Amino acid sequence: MARKEHAPETPATTFLRQHNISFTEHLYDYVERGGTAESAKQLGVDEHAVVKTLVMQDQDAKPLIILMHGDRQVSLKTFARQIGAKKVEPCKPEVAQRHTGYQVGGTSPFGARKTLPVYVERSILALPAIYINGGHRGLLVRIPPSVLVELLHAQPVDSAAVE
């Protein structure tokens, strides 16, 4: 499959432009179930700087987003405890798509259909730059992590599973 020359305009990239956020677009060939390891490999970047957008729900089925390093997993128990929930679990793909308007594999925290609470793994904020989904499979945008707090009011948490 040939790589596209130009990145598609998405609700996420529109949102970033509307808020005058400087970002660069990075296209890669989307691979089903390839995840952040595949995108990092194709783009030649550290998977730790590739941030996953995970749509979760609490015990009351209220949706929320957690942003996690590509090479780490979320400890659901730790995360639930930190946000004061009884439990947190991933949303089914069709439910996540309904909440965000994005296809799984292309979910961005920017420009989602609904405004959801956003949480970010604290150590992401210490990185010089991050690569995060731009709202389309095969598109990452490079931004400073401070944008997550400034625009999304992302709340820092320590929820990475211990390796």
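What follows is a short tour of the salt bridges.

This is a predicted model, in which local features need pLDDT of at least 70, side-chain atom pairs count only at pLDDT 80 or more, and totals for chains, interfaces and linings use all residues. Residues are numbered from 1 along each chain as its sequence is written, and side-chain values use heavy atoms, with hydrogens and water left out.

A salt bridge here is a side-chain nitrogen of Lys or Arg within 4 Å of a carboxyl oxygen of Asp or Glu. By this rule, the model has 6 salt bridges.

One of its partners is Glu9, with the closest N and O atoms 3.1 Å apart. Arg17 also forms a salt bridge with Glu25, where the closest N and O atoms are 3.3 Å apart.

Now turn to Arg137, whose side chain meets that of Glu32 in a salt bridge of 3.9 Å, N to O. This pair links distant parts of the chain, 105 residues apart: Arg137 lies in the loop between strand 6 (130–133) and strand 7 (139–143), and Glu32 in the loop between strand 1 (24–27) and helix 2 (35–43). Helices (H or I, at least four residues) and strands (E, at least two) are DSSP runs, numbered from the N terminus.

How accessible are these two residues? Buried means under 20% relative accessible area, exposed over 50%, and partly exposed in between (1.4 Å probe, protein chains only). Arg137 is partly exposed at 24%, whereas Glu32 is exposed at 51%.
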